[in-house]
Amino acid sequence: MTLIKSISGIRGTIGGKVGDGLTPLDTVKFAAAYGQWLLTQKAHPLVVIGRDARISGEIVSSLVASTLQSLGIDVIDLGLSTTPTVEMMVVEEGAGGGIIITASHNPIQWNALKLLNSKGEFLSGSDGENILSIADEEAFDFVDVKKLGSYTFREGTIEKHIEKILALPMVDVEAIRLRNFSVAVDAVNSTGGIAVPMLLKKLGVDRVEVFYGEPNGHFPHNPEPLPENLTHICGEIENGQFDLGIVVDPDVDRLALICEDGNTFGEEYTLVAIADYVLSQKPGSTVSNLSSTRALRDVTEKYGQKYEAAAVGEVNVVEKMKAIGAVIGGEGNGGVILPELHYGRDALVGIALFLTHLAKFGKSVSMLRSKYPNYHISKNKIELSPEMDVDLVLHEIKDKYQRQPINTVDGVKIEFDKEWVHLRKSNTEPIIRIYSESESQATAEHLAHKIMMDIKEIISEKI
């Protein structure tokens, strides 16, 4: 069993002993810590909660709601929802915060509490640390029976989310309707099975076939939308008459696309293509994290605009986007953030923008994909002995390549013309993660292995 506590929330496998998995006691403890922290921010706070369709979701959600009410906090429960919907409804309801009960792309045995502030955004590092401290100290103060918080179940919020997407000037419903697209959807038996078909209908897409659209939490495959997990829908599209395939993760904040020939568009390129369209309509800067493809930078500079990289993690990307006033941003995992709607990864707005882009492009998805630079990313890691100083290793690598452009915002990223390698240490293990990118997979892997050999040489010299 696994339980992971971090500044962004608590995540774990269901069952096991207290402290070893996401047991009811662990859920209550962390929900209480969040509620107690919220009470220091606002005298009579309101919290919006919502969940994906995981089998454990209803139990965890009930525990969270009851715990918050026991602290005197009012709760609005959206029930089956999406991460971006909950984020938007925190602002809509004027709430002090929100909790999303979802383990995102993790397998069926996992669940988690994602914690939001009053802006519907993930917590800052300092706020997260405060909550962890309250949980460790069990510094809770529950109210008496006459001061219990209220509970309200709110329906129709996904529809509200979709209406706000349709109202965006950059979303052209008529252009989409006229193309008469045929779309296949893999909703992994979670809340995407509710939200995505609803959105497509509103966008004028009448020919939709949904695979795994029943929100029952029985994931038919690993729910992370990576190519190796998408063989079913790719096969269906290859054999069928579809213009596009759409895949979302269980909480609908990541978007993967499938070309009409059954080939994956590339999760890294979801943001690239959508940014291309947004920049054609609204000039401005863009942001992605340091481990995302260089293609976003290429597209941004094509429009004469500025690209900047942020540390890995949605909260870091959002912070950088706000700092430079970016018009679009996100992460290379299919996470699209459109500030004009809200500061959170949102697969639904990504679908609307991509379909508008495709409609105006007038050709196939594969032809659209061929417009963009074709980079390849290699993902590796190297394990160190527990006594090895990971920071020292990264410092030595930085010195070795000091003649190259280097970014140390999050680990060490070294650039070589249109290639790069990014080294980050794990927060929980003596591991250095090594991501590299080049115009060929072989070169990307060669670059990663070269850095790994450098690390081994540094280690041998220091021992």
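Just after helix H3, Gly94 takes a positive phi of about 65 degrees. Please keep in mind that this is a predicted model.

**Helix H3**

- Helix H3 covers residues 83–92, and eight of its 10 residues are buried, so the rest of the structure largely encloses this helix.
- The buried stretch is made up of Thr83, Pro84, Thr85, Val86, Glu87, Met88, Met89 and Val90.
- Strands and helices both take part in covering these buried residues: among the strands are E3 (46–51), E4 (74–80), E5 (97–101) and E6 (110–116).
- The helices in that cover include H5 (157–166) and H11 (314–324).

**Helix H11**

- Four residues of H11 are buried, namely Glu314, Val317, Val318 and Met321.
- Looking down the axis of H11, you would find its buried residues within an arc of 100 degrees, so they line one face of the helix.
- Glu319 and Ala323, on the other side of H11, are exposed.
- What do the buried residues of H11 pack against? Their partners are H3 and the strands E12 (286–289), E13 (307–310), E14 (328–331) and E15 (335–337).

**Cavities**

*The largest cavity*

- The largest cavity holds about 50 Å³ of space.
- Its lining consists of Pro225, Leu226, Pro227, Leu230, Ala256, Leu257, Thr264, Gly266 and Glu267.
- By class, six residues of the lining of the largest cavity are nonpolar, two are polar and one is charged.

*The second largest cavity*

- About 40 Å³ of space lies in the second largest cavity.
- Thr85, Met88, Met89, Glu92, Thr157, Lys160, His161 and Lys164 form the lining of the second largest cavity.
- Which elements give two or more residues to the lining of the second largest cavity? They are H3 and H5, and H5 is also among the elements that cover the buried residues of H3.

Note on methods:
Residues numbered from 1 in each chain as written. Predicted model: local features only at pLDDT ≥ 70, side-chain atom pairs only at ≥ 80, totals over all residues. Heavy atoms only, no water. Buried < 20%, exposed > 50% of the residue type's maximum accessible area, 1.4 Å probe, protein only. Contact = heavy atoms within 4.5 Å. Arc of directions from axis to C-beta. 1 Å grid on protein atoms, 1.4 Å probe; cavity = no way out; pocket = protein on both sides within 12 Å on 5 of 7 lines; lining within 4 Å. Points joined across faces, edges and corners; volume = space filled by probe spheres on them. Nonpolar A, V, L, I, M, F, W, Y, C, P; charged D, E, K, R; others polar.
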